[in-house]
Amino acid sequence: MKDVPKMCTACGDITYKIFSVEIDTKDPVSTNMKLYEEIANRLFQNKVISNINIGNNRAYIIEERQVFGFDMHLGNKNNPQTVSLVNVEKALNGVLESFKDYKEMKISLSSSC
């Protein structure tokens, strides 16, 4: 029997990749639609993605730092190889400049769906 690729239940597509984002914040944050919109705009403008799903929002403390975290499920049905950590980091470079209470953003590739 052939191995069938597993589909991500959140995305429903095997070509999506999941990126985890951690942002150091001044105060606890559980969601920020303006930030999500800016992230989506930059990723679309830079032709990194054709689809995005953001979820698994969380606020927590690590080593006395307040952190806002979430996962981005990113895909590009037309050009799947553009969805890479390098391209995502490049597109999102400077995205926090208009968010005064946000300091540093760390992005890591969690997995493929």
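Which residues in α1 meet which residues in α2? The views below are of a predicted model, in which local features need pLDDT of at least 70, side-chain atom pairs count only at pLDDT 80 or more, and totals for chains, interfaces and linings use all residues. Residues are numbered from 1 along each chain as its sequence is written, and side-chain values use heavy atoms, with hydrogens and water left out.

**View 1. Packing of helix α1 (residues 33-45) on helix α2 (residues 85-92).** I39, R42 and L43 in α1 meet V88, A91 and L92 in α2 (contact means heavy atoms within 4.5 Å). The residues of this contact comprise 5 nonpolar, no polar and 1 charged; Ala, Val, Leu, Ile, Met, Phe, Trp, Tyr, Cys and Pro count as nonpolar, Asp, Glu, Lys and Arg as charged, and the others, Gly among them, as polar. The helices pack at an angle of about 115 degrees, with axes 9 Å apart (axes are lines fitted to C-alpha atoms over the stretch in contact; angles run from 0 to 180 degrees between N-to-C directions). Helices (H or I, at least four residues) and strands (E, at least two) are DSSP runs, numbered from the N terminus.

**View 2. I49 in the loop between α1 and β2 (51-62).** I49 has a relative accessible area of 5% and is therefore buried (buried means under 20%, exposed over 50%, partly exposed in between; 1.4 Å probe, protein chains only). Leaving aside neighbours within four places in sequence, I49 is in contact with L43, F44, L74, G75, N76 and V83.

**View 3. K47 in the loop between α1 and β2.** K47, not a glycine, has a positive phi of about 55 degrees. At 65% relative accessibility, K47 counts as exposed.
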